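Dear colleague,

I am passing on the structure we spoke about, together with some notes on what turned up in it. Please have it open while you read.

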Amino acid sequence: MALKLYGLPMSTNTTRVMICLHEKEVDFELVPVNVFSAEHKQPPFLSKNPFGLIPVLEDGELTLFESRAITAYVAEKFKETGPDLIRHKDAKEGAVVKVWTEVEAHYYEPAVSPIIYEHFVAPFQGKEPDKSVIDSNVEKLKKVLDVYEAKLSSTKYLAGEFYSLADLSHVSETHYLMQTPCASMITERPHVKAWWEDISSRPAFNKVEGGMTFGKNQE
């Protein structure tokens, strides 16, 4: 039975999971959730995720929400297929993967997400981007990227010389960041730039990239 993923291709959290599934060459069915009609806030969806957010993964009787938890599950269940995204044969390498996956969740994403919101979601909703929000988060992101630049000057990827969940977790949100004037924060840091060019050129991401546009036709 194929896995079912409930979400939208324009969603960074949905595409985080989709990229992982493609890396592992796992068959899955994408079940669109019409967030524009608040389908994700209705009882049928809330029975899958009581917090009313996408994505949700169903694997038989198992139902999971939270994109990073889902990718960790997929990487573990299919650890013998495709790249070893969690370094399951080396506890130390696996621990470093977890560290940088946490860094993405607690330092990178909180700075990037408001920038993406103001540049994409606000205009989509007919609002003017809030420059003060953008500026304050740009300052936060600069500090984070300075740490990344130092780390990536000594290793090809965040957790070492191997591509892992730590890198994969950054792809969908950085894709949107690179379409804003803030892209210069990536390109002006040579090691971060090389890392981004590497992780964004992987076939698994190329399979989902075309669907990452803001439009109400994604129902």
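How much area do domain 1 and domain 2 bury between them, and what share of it lies on carbon and sulfur atoms? Before the answer, please keep in mind that this is a predicted model. The domain assignment of the protein places domain 1 at 3-82 and domain 2 at 91-206, and their C-alpha centres lie 21 Å apart. To the contact between them, domain 1 gives 13 residues and domain 2 gives 15 residues. The area buried between domain 1 and domain 2 comes to about 1,200 Å², with 65% of it on carbon and sulfur atoms. On the side of domain 1, the residues that lose the most area to domain 2 are Ile-19, Glu-23 and Arg-68, which together make up 46% of what that side buries.

Arg-68 and Glu-104 meet through their side chains in a salt bridge, at 2.6 Å from N to O.

Glu-104 also belongs to the contact of helix 4 with helix 5. Helix 4 (residues 91-124) packs on helix 5 (residues 131-152) at an angle of about 145°, the axes being 9 Å apart, and the crossing of the two is left-handed. Among the residues that meet there are Trp-100, Tyr-107 and Ile-115 in helix 4, and Val-133, Leu-141 and Tyr-148 in helix 5. By class, this contact of helix 4 with helix 5 holds 17 nonpolar, 2 polar and 4 charged residues.

With best wishes

Note on methods. Residues numbered from 1 in each chain as written. Predicted model: local features only at pLDDT ≥ 70, side-chain atom pairs only at ≥ 80, totals over all residues. Heavy atoms only, no water. Axes fitted to C-alpha atoms, helices over the stretch in contact; angles between N-to-C directions. Helix = DSSP H or I, 4+ residues; strand = E, 2+ residues; numbered from the N terminus. Left-handed = near helix turned anticlockwise from the far one by under 90°. Contact = heavy atoms within 4.5 Å. Nonpolar A, V, L, I, M, F, W, Y, C, P; charged D, E, K, R; others polar. Domains from an automatic or database assignment. Buried area = accessible area lost by both parts, 1.4 Å probe. Salt bridge = Lys/Arg side-chain N within 4 Å of Asp/Glu carboxyl O.
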